[in-house]
Amino acid sequence: MIGIGIDTGGTCTDAVVYDLEKEEILASTKSSTTHEKLEKGIGESLGKLPRELVEQVSYLALSTTLATNACVENRGGRVCLVFIGVSIKTLQENYESYGFEGTADMRFLDADPSKGMEPDWEAFEAMIPEILDGYDSVAVSQFLPRENNGAYEKEARRRLKKKSAEQANSSAVQLDRKTAHIERNRITVVCAYEIFKDVNVIKRGAGAYLNARLIPVIEEFFAAVHHVLDDMGLSFPLLIMRSDGSLVSEEYSRNYPVETLLCGPTASVKGAMHLAGEEQAVLIDMGGTTSDIALVKGGVPKTNPDGVSVGGWQTFVRGIEIDTFALGGDSHVTYHSRTLMLEPERVMPISTLADQYPDVLAAVEACANRYNGSARPLYEHLLLQRSLSGKESRYTPQEREVCEVLTTGPKSIGETAELLGIDVYQLDTERLEREGILLRSGFTPTDAMVLKGDRTGMAHPEEAAEAARCAAAFIAKCTGRKAEQAAEVADEVYRLVREKLFCNLVRILWKDGHEGKRKLIVPGELESFAKDAFAVEYDGEQQGFYRNTFSSPAVLLGVGAPVHVFLDDVARALHTAAHVPAHAGVSNALGALLGDACVYETVHVRVEYEISQWDEEGEVYTVYGDWKEVFDNLDDAALRAAEIAEFRAERKVRECGAVEITSLTHQVKRKKLTTNLCTILQGADVTACARGKFY
């Protein structure tokens with residue numbers, strides 16, 4: 001069987017044709033990811049593959065870092081998060097630890113299902129018009145959902161859907177639109193308990209919130225793929241990788257995109273392990289926006305039983321343990337007080353913009369020649385990615401004017417401000433950039449690579465290289481250098497990338513080495529020690545008789561387009577070796593093909609102690625399935641829980657697209673609480689695993 005794997009990353013879109021029976025890459029391609037029009041990059045990569053091979057393909061498997069990047073950069077659709085049974089005071093004390101920036105987009109209903117205390121549904125009905133007008137989707141998370149199988153979440157969804165349909169019907173009558181339009185305008189509502197069965201209501205809320213916010217991201221991705229296939233006269237079933245390395249159908253992932261949160265990095269891990277065959281490795285996948293680190297021990301990647309984390313977001317999504325931080329080829333290079341810095345957000349490299357829009361070069365040159373320095377990066381450009389699409393009322397007059405000005409093409413921030421008749425310091429595009437309406441273009445490590453000749457393959461290489469040089473010259477003058485010292489800017493950016501990668505590797509290896517132990521050092525101190533060690537190893541600085549040294553016996557296994565430029569020096573600083581395998585540049589696309597359908601479902605059994613009327617203590621065992629069932633002993637309760645878990649797992653693996661079940665198993669994990677006096681049985685978690693194949 002032959003399949004195609006496609007990975008759409010922050011910088012590049014890769015494609016491979018792979019013979020799954022012979023385990024052989026038959027062809028591979030790489031193109032630039034075009035964020036303003038994803039189908040362009042996807043089409044270029046597919047179009048470069050031999051047509052005779054493409055016509056033999058049985059299916060197309062996808063991976064992407066779009067969801068990961070959206071989380072790291074806090075981008076995506078506007079979501080209202082409704083908490084039921086959680087107070088705003090609780091969230092105000094804890095929201096930052098889960099990834100939330102604030103509570104402005106949250107609504108709260110008092111309730112307690114354990115006491116039969118329902119939410120004030122009339123008060124909720126009064127909130128609905130504001131929610132429908134201001135948000136693209138809604139996430140609902142209920143306290144103690146096991147008590148009533150998430151009934152309050154489902155009721156909130158029913159009321160939201162009903163009101164949304166009423167509004168859509170009213171609009172259709174007024175505007176004489178078709179029923180299809182009504183369906184498209186019904187708001188998406190995500191119930192947290194339908195995705196995550198765990199107890200922590202805030203963590204479930206964070207996962208549901210992300211799921212709702214990522215729906216437009218995954219919809220855009222699939223739309224681009226279908227557009228390309230239609231243009232090429234092709235028709236394939238589409239699969240996409242989840243964070244745990246399994247594959248799911250297109251339909252399933254449209255409903256639960258949060259489960260694909262780390263599909264790009266996970267595909268990279270699977271592909272790199274297949275290519276390199278290393279038993280002990282630190283896998284480093286450096287893309288355009290993020291670097292993703294996974295630890296491979298004994299040939300098996302380390303997994304996270306508590307759910308994956310991306311940036312500051314804490315979720316219950318099952319997956320390979322991947323540490324994701326903002327560092328990539330498109331990281332934003334800024335300056336402050338004559339100091340260069342790498343910022344977490346992604347921007348389009350100025351060389352890439354000039355390659356796609358050669359007229360941009362003149363504006364960047366003018367900035368480099370005209371100004372001797374500025375607190376604002378006047379050479380940077382803004383590019384309109386998508387229109388406001390009938391949502392103009394959500395944006396300020398200035399935001400709407402900015403979008404109008406940019407309809408004719410990218411413009412520098414200085415020219416944009418001038419066309420609006422305002423000072424450049426009054427130009428505010430932060431929200432438009434955060435919501436993906438605009439894309440900023442500035443200087444990045446990719447531009448430094450272009451300057452140093454480590455990045456080639458541009459359609460207009462001279463314009464791209466000159467734009468990078470002019471931007472570096474502008475930055476040089478803003479950081480106390482001369483324009484002729486643009487090459488020094490590129491060198492310093494290289495050092496910043498290597499230092500940040502080194503410091504994060506030290507943090508990850510330290511955490512792994514001290515897992516389960518009390519904290520021996522605070523993160524800030526560890527970073528300081530790591531920077532000192534890097535200065536000694538990389539710059540040759542001496543620290544008197546004292547020297548910080550960090551080392552690892554694990555090979556640094558590098559994949560991703562820019563990683564080969566930086567990895568050798570980082571490996572030397574860690575006193576280990578670096579390995580960049582053949583085909584490393586397309587390992588993500590290969591890894592997307594190396595999965596099957598796999599689902600885990602857990603049913604909980606809880607021990608409850610009761611006192612009879614004769615003052616005798618007894619135990620009952622409650623199984624939390626679709627409803628609560630009570631048993632006299634744990635064995636019977638666990639057997640019933642296994643039946644429910646296996647039924648759910650089999651049903652869900654078929655929802656994922658599997659046409660045949662290849663295995664169905666379960667495990668019982670007893671939960672105990674040990675004190676100084678005794679050990680108390682708390683219950684059991686019964687987890688079923690269903691595996692299946694697609695063809």
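Me: Why does E250 count as buried?
Reply: This is a predicted model. In it, E250 has 15% relative accessibility. Buried means under 20%, so E250 counts as buried.

Me: Where is the place of E250?
Reply: E250 is in helix α10, residues 250–255.

Me: What makes the pair E250 and H226 a polar contact?
Reply: The side chains of E250 and H226 are joined at 2.8 Å. The cut-off is a pair of N or O atoms within 3.5 Å. The 2.8 Å contact therefore qualifies.

Me: How do you know what span is expected of α9?
Reply: Helix α9 covers residues 201–231, which is 31 residues. The expected span is 1.5 Å times one less than the number of residues. For α9 that is 45 Å, and the helix reaches 45 Å from its first C-alpha to its last.

Me: Where does α9 bend?
Reply: α9 bends by about 40° at L214. A proline, P216, follows within four residues.

Me: What makes α9 mostly covered?
Reply: Of its 31 residues, 23 are buried.

Me: What is found at the start of α9, and what follows the helix?
Reply: At the start, a side-chain oxygen of N200 comes to within 3.0 Å of the backbone nitrogen of I202. After the helix comes G233, with a positive phi near 70°.

Me: Why are α13 and α18 called roughly parallel?
Reply: Helix α13 (residues 360–370) and helix α18 (residues 461–478) pack at about 25°. Angles under 35 degrees count as roughly parallel, so α13 and α18 are roughly parallel to each other. Their axes are 8 Å apart, and α13 passes α18 in a left-handed crossing.

Conventions: Residues are numbered from 1 along each chain as its sequence is written. This is a predicted model: local features need pLDDT of at least 70, side-chain atom pairs count only at pLDDT 80 or more; totals for chains, interfaces and linings use all residues. Side-chain values use heavy atoms; hydrogens and water are left out. Helices (H or I, at least four residues) and strands (E, at least two) are DSSP runs, numbered from the N terminus. The bend at a residue is the angle between axes fitted to the seven residues ending there and the seven starting there. Buried means under 20% relative accessible area, exposed over 50%, partly exposed in between (1.4 Å probe, protein chains only). A polar contact is a pair of N or O atoms within 3.5 Å; within protein, one must be able to donate a hydrogen and the other to accept it, and residues adjacent in sequence count only if both atoms are side-chain atoms. Axes are lines fitted to C-alpha atoms, for helices over the stretch in contact, and angles run from 0 to 180 degrees between N-to-C directions. Angles under 35 degrees count as roughly parallel, over 145 as roughly antiparallel, 65 to 115 as roughly perpendicular and the rest as oblique. A crossing is left-handed if the near helix is turned anticlockwise from the far one by less than a right angle, and right-handed if clockwise.
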